[in-house]
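Here are my notes for you, written as numbered points. Keep the model open while you read and look up each residue as it comes.

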Amino acid sequence: MTTRAYRALVAAAVLVLGVGCGSSSDAEDLEASASGADLDCQEGAEPLTQEMSSGSVWSMCFSVDAKSGAVLSDIHFTPADREPILLIREMALAQMEVPYDDGERLTADITQAGFGGTRMHSLSEAECAGERFGIEVPNIGDGSTFGDTPEREVLCSEIIDSGLAYRSFSDGTLTADRGNTWTLSTISKVGWYEYIAEYNFGSDGSIRPALGATGDLSPVDYTDEEHGWPIGDEEADYAANHAHNVVWRIHWGIGGADQPQEVEQFDAEPTGEMGSEAPVLDGSLASVDEPSTHQTQERRWWRVVAPESLNANGHPMSYEINLGQTDSFTYVHDEENHGADSGYDIAFTNYDECQIFATENRGGCGSGVIDYVEDSAGEELEDPVSWVAVGYHHVPRDEDQSPMEVHWQTFDMMPRDLTSTRADVPGGREDIDGQPEDSEFVEEIEDMEEMEDGGHSH
């Protein structure tokens, strides 16, 4: 058994020995016996710690907000055999707008309804195959003035096999292992829809926020063939097409809350020139110096970087934000106030405790992201918050009845130079850091290249 496989077995044993699969737990049960970050969670938040198959550890605080729902804060990653690294100071949903294509309905499900309180449902074994975690969830507001604040099992913690993590066959030796993902999720019911707010933390340090939608199609939103899809007999019962436009708010703090943070945009553009075998592309990083909005395009991603927090190679630690494929959108609220071209795929602003929601924000600091950017024009971007917009245009189908299969919208955040090598270096690869020289590994690659007629080596 490999070291990594043994660690995975130990981590699984910790979860099983806590309270058993599908059963409830308290804060102490959920904390695995791993050396993660020393957390000091704010009042109302609970610490969560989980060792991964790689030997790395995730640590963070969990709380429930009446509007945003699940809130994760003080998110630390401890790479195997290294010290904990603060990554994110707070992460939560900032808005979900649902406009219907026929123009007859528009909802802002975070600010108008909210994902917390009574709309956040208690979980059973059917929804959660891992551990169910209890926390106090106020029925009204924050529970300080009105209503009860019962403790309910609303958080699901699951360890999921994420498949093959790496494979390399060299010098007659196979080096391979599997990875896993720690998934934290809650379920909130708003109207006829039921939403799964999910955060996935990989054994490689990756983070994938996701929102899943299930439940039932609205029984009152039926329209014509230009704005819907027939789901009844023959050409009848056109369920209205609609969008789920979601923004996540992420307040960064890579390397420590007191460490400076910067933002950069990477682009790789074709030059029109040909090399000996392939087109030439020029890659470049551009600094995002002030609060601004941005659109995605091919070969484009962004990174938040801590210029003074260096890995063992002397490279600044950073996290890459990659949107992949998404339906771009403009919030109706923004279009009404700022014009039809005011959409964005990602925006960056400086942290302001008043700026919580992407639209319909209150408190005198602007009603949404476009206001935040406009009001801080020319200001240096030094304490970045990323607002990541991911759209999903839902055209109903017969199979959506009933209930709907879960459909997801998501994006990825990957460590970029957080460590000088991978978080878990397998035996025999400890000395490979930079371009290998004079090793059996290099000799084997050169032999393979000489044997290949088409030159298709990588």
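1. One definition before we start: a residue counts as buried under 20% relative accessible area, as exposed over 50%, and as partly exposed in between. With a relative accessible area of 46%, Ser328 is therefore partly exposed. Do keep in mind that this is a predicted model.

2. Stay with Ser328 for a moment. You'll find Ser328 in the loop between β20 (316-322) and α4 (332-338). Now look for Gly391: Ser328 and Gly391 are 63 residues apart in sequence, yet their C-alpha atoms are 5.7 Å apart in space.

3. Most peptide bonds are trans, and most residues other than glycine have a negative phi. Where does this model depart from that? Gln401 and Ser402 are joined by a cis peptide bond, with omega about -20 degrees. The bond from Ser402 to Pro403 is cis too, with omega near -5 degrees. Ser402 is in the loop between β22 (384-394) and β23 (404-410), and Pro403 is found in the loop between β22 and β23 as well.

4. Now for phi. Asp81 is not a glycine, but has a positive phi of about 65 degrees. Look for Asp81 in the loop between β4 (69-78) and β5 (85-99). Is Asp81 buried or exposed? Its relative accessibility is 73%, so Asp81 counts as exposed. Arg299, another residue that is not a glycine, has a positive phi of about 60 degrees. Arg299 sits in the loop between β18 (292-294) and β19 (300-310), and its 38% relative accessibility makes Arg299 partly exposed.

5. On to empty space. Rolling a probe the size of a water molecule over the atoms shows where such space is left. The largest pocket has a volume of about 1,300 Å³. It is lined by 44 residues, and the closest to its centre are Ser63, Val64, Asp65, Val71 and Glu90. Two or more lining residues come from each of β3 (57-65), β4, β5, β7 (131-136) and β15 (242-252). Which element gives the most to the lining of the largest pocket? That's β5, with five residues. Sorted by class, this lining has 16 nonpolar, 13 polar and 15 charged residues.

6. The second largest pocket has a volume of about 480 Å³. Its lining has 28 residues, and Thr181, Gly202, Ser203, Asp204 and Ser206 lie nearest its centre. At least two lining residues each come from β8 (151-170), β9 (173-190), β10 (193-202), β11 (207-215) and β24 (412-416). Here β8 gives the most, with five residues. By class, the lining of the second largest pocket has ten nonpolar, twelve polar and six charged residues.

7. Now charges. Side chains of opposite charge can pair when their charged atoms come close. How many salt bridges does a search of the whole structure find? The total is 14. One of them joins the side chains of Arg105 and Asp221, at 2.7 Å from N to O. These partners are 116 residues apart: Arg105 is in the loop between β5 and β6 (106-108), while Asp221 is in the loop between β11 and β12 (222-223). Arg105 is partly exposed at 34%, whereas Asp221 is buried at 7%.

8. Two more pairs are worth a look. In the salt bridge between Glu153 and Arg132, the closest N and O atoms are 3.2 Å apart. Glu153 belongs to strand β8 and Arg132 to strand β7, 21 residues apart. Arg178 and Asp161 also form a salt bridge, with the closest N and O atoms 3.0 Å apart. Arg178 lies in strand β9 and Asp161 in strand β8, so this pair ties together parts 17 residues apart in sequence. Both counts of accessibility fall in the partly exposed class: 44% for Arg178 and 47% for Asp161. There is a network as well, in which salt bridges that share partners join Arg397, Glu399 and Asp400.

9. Finally, a charged residue without such a partner. Asp102, in the loop between β5 and β6, is buried yet has no salt bridge. Its nearest side chain of opposite charge is Arg105, 7.6 Å away. What does the side chain of Asp102 make a polar contact with? The partner is the side chain of Thr223, at 3.5 Å.

Key:
Residues numbered from 1 in each chain as written. Predicted model: local features only at pLDDT ≥ 70, side-chain atom pairs only at ≥ 80, totals over all residues. Heavy atoms only, no water. Helix = DSSP H or I, 4+ residues; strand = E, 2+ residues; numbered from the N terminus. Buried < 20%, exposed > 50% of the residue type's maximum accessible area, 1.4 Å probe, protein only. 1 Å grid on protein atoms, 1.4 Å probe; cavity = no way out; pocket = protein on both sides within 12 Å on 5 of 7 lines; lining within 4 Å. Points joined across faces, edges and corners; volume = space filled by probe spheres on them. Nonpolar A, V, L, I, M, F, W, Y, C, P; charged D, E, K, R; others polar. Lys, Arg positive; Asp, Glu negative; His and termini not counted. Salt bridge = Lys/Arg side-chain N within 4 Å of Asp/Glu carboxyl O. Polar contact = N/O pair within 3.5 Å; in protein donor to acceptor, adjacent residues only side chain to side chain.
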